[in-house]
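Dear colleague,

Please find below the structure that I am handing over to you, followed by an account of what was found in it.

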Amino acid sequence: VTDGRLRVAIAALAVVGIAIATYLTYVHYADVEAFCVAGGGGCERVQTSDYAELAGIPVAVLGLIGYALILGSLFVPGDPGRLAGAVLALSGFGFSAYLTYRELFTIDAICQWCVASAVVMTLLAVLTVWRLLVVDQCPESSAQ
Amino acid sequence: MPRTITIGLILRVDPDAFPGRGTGDAGIAGSSFAHLDKYGFSTMADERDDEREAPPYEFSAGESKGEDDAPLEGGVRRDAPEYEFSAGESSGEDEADEGKSEAPATAATKVPDAHYRGKHKAEKREKRERAEAERKARAEEEERRDRRKRRLRMLGIALGVAAVVVIVAIVVSSGGEATKRGGEQTGPVVGSNVVNQRFAGIPQSGLTLGDPKAPVTLVEFADLQCPFCKEANDNTLPTLVDRYVRPGRLRIEFRNFAILGPDSEKAARALQGAAEQGKAWQFIDLWYLNQGEEHSGYVTDEFIGRIARGVPGLDAQRVIDASNDEASDDTLVAAQREADQFGINETPSYLIGRTGEQLQILQVQNPSDPNLFAQSIDRLLEQRE
């Protein structure tokens, strides 16, 4: 796998993450019900729980910022860009894991959108670490 | 290609002219060759033509004394001057290139020398190339090792920074653990818009939600302080409202079954105050979304006021006043009486049946699963048709 292909995959996942986070941010601020495929109040319950905010900032907004920064890191050439992407994705993965734990054992509800976001962040963590460790980066590709 | 000229000329060397003769190199080397012409021929030969018959020493062209051949250093005769090669001799490279030498007898002593030099050069070149290749390999290996080290260092940095970020986030998130249980005394309640949208346009009367003519009636015995009631409400009410209540197929009656103590009774009286204003279900739903920990003392006038203010059109003060009026407990008493009649002693509990007919206890394995309610409701709806 070349660095170029990994960057494309990371960019695609980051865009999906941005879309999910944008929707959840809208749901939070518009105070409307999130669309849940299987019905039920899981999304609403998670979204209205206190874990939906971190220091007064909606978690959805933090996710949106995180995905945008991961996407932005792809345009930073060389090791700093790769390192930044990995740090962001690993942080997102860790916090997503914590929130999923809270969903399962504290809130007792699962939000499908949150699960989707957690899956995307997990994949991003794998790809960014892969990019950091394994793939040789050509100077030309980093400057693209 | 340089040509090798071999001249089978016999040189007669005057022993007097070569004082060092017979001792090896001394007489052949250096300035003793001053009397040789540019071809290395002795100019004395002609002068001493008469002495030809008994030459003290004779050297064939291309021949050298054995002792001269011996001291080699790096393939080159140590003391040999540049012009040492006389006619019949040539550099080893030339002979090697030609692959043959016509020098009579003397070639045997010179060709191996030249061959040795060529071979030695090739070996040296090979050795040099091998050393170069090894040096390159070492450099590449070192570079690979450096790269691996750098990458692992970067991974360490990434993991370290990420761990710090996550730990800080968790600490900040858990820092509000006390308020995670709900029951906050200040600030706006969560879910106000959602709740008010959910019940907009749906008729309410007292503690009853939905069209009075709906074919199916569901009765819920619940305590506003009960965490299981909250779970059931959060997970099933949105589905039941959207799927059955709003289309006019189901009506839901709430029973103010306050069984968990004084706080539950205060909450139940507050709900009665909201019911009198026709906003009971917004109040119930919003209460559950912001419910505090059971028996934690969160059921205060402040908390009740917060919930009431989250419902547009509801007079919060009237609700607070109702919660403090212990004589105003009509709905609590009625709920207790009906529960006794059906043998209900826990929350949440349910009755279901066709509207206007005898209701039956609804055993629900998991009150948080709206589909279990839907099955019973659908069955009753089919009976009607």
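B:Glu253 and B:Arg251 are both buried, where buried stands for under 20% relative accessible area, exposed for over 50% and partly exposed for the range in between (1.4 Å probe, protein chains only). Their side chains meet in a salt bridge, with 2.9 Å from N to O; the term requires a side-chain nitrogen of Lys or Arg within 4 Å of a carboxyl oxygen of Asp or Glu. Through salt bridges that share partners, B:Arg251, B:Glu253, B:Arg255 and B:Glu338 are joined into one network.

Please note that this is a predicted model, in which local features need pLDDT of at least 70 and side-chain atom pairs count only at pLDDT 80 or more, while totals for chains, interfaces and linings use all residues. Residues are numbered from 1 along each chain as its sequence is written, chains are lettered from A and ligands numbered from 1 in the order in which they are written, and side-chain values use heavy atoms, with hydrogens and water left out.

Further salt bridges

Over all chains, a search of the whole structure finds 15 salt bridges. One of them pairs A:Arg131 with A:Asp3, whose closest N and O atoms are 2.9 Å apart. A:Arg131 lies in helix α5 of chain A and A:Asp3 in helix α1 (residues 3-30) of chain A, so this pair ties together parts that are 128 residues apart in sequence. A:Arg131 counts as buried at 3% relative accessibility, and A:Asp3 is buried with a relative accessible area of 3%.

In chain B, B:Arg135 and B:Glu132 form a salt bridge of 3.0 Å, N to O. Both residues lie in helix α4 (residues 107-175) of chain B, 3 residues apart, about one turn of the helix. B:Arg135 is partly exposed, at 44% relative accessible area, and B:Glu132 is partly exposed at 36%.

Along the sequence, the pattern of chain A reads α-α-β-β-α-α-α-α. Of its 144 residues, 52% count as buried.

On the surface, A:Tyr101, A:Leu104, A:Phe105, A:Ile110, A:Val115, A:Val119 and A:Leu123 form a nonpolar patch, with about 640 Å² of accessible area together. Patches consist of residues with over 30% relative accessible area and no salt bridge, like charges being joined within 9 Å and nonpolar side chains (Val, Leu, Ile, Met, Phe, Trp, Tyr) within 5 Å. Accessible areas come from the Shrake-Rupley method with a 1.4 Å probe, and for residues only the protein chains shown count as cover. Helices α4 (78-107) and α5 (112-133) of chain A each supply at least two residues of this patch. A:Val119, in helix α5 of chain A, is partly exposed at 46% relative accessibility.

Negative patch in chain B

A surface patch of negative charge gathers B:Glu265, B:Asp315, B:Asp321, B:Asp325 and B:Glu326; Asp and Glu count as negative, Lys and Arg as positive, and His and the chain ends are not counted. The place of a charge is taken as NZ of Lys, CZ of Arg, CG of Asp or CD of Glu. B:Glu326 is found in the loop between α11 (316-324) and α12 (330-342) of chain B and is exposed, with a relative accessible area of 60%.

With kind regards

Technical notes
Helix = DSSP H or I, 4+ residues; strand = E, 2+ residues; numbered from the N terminus.
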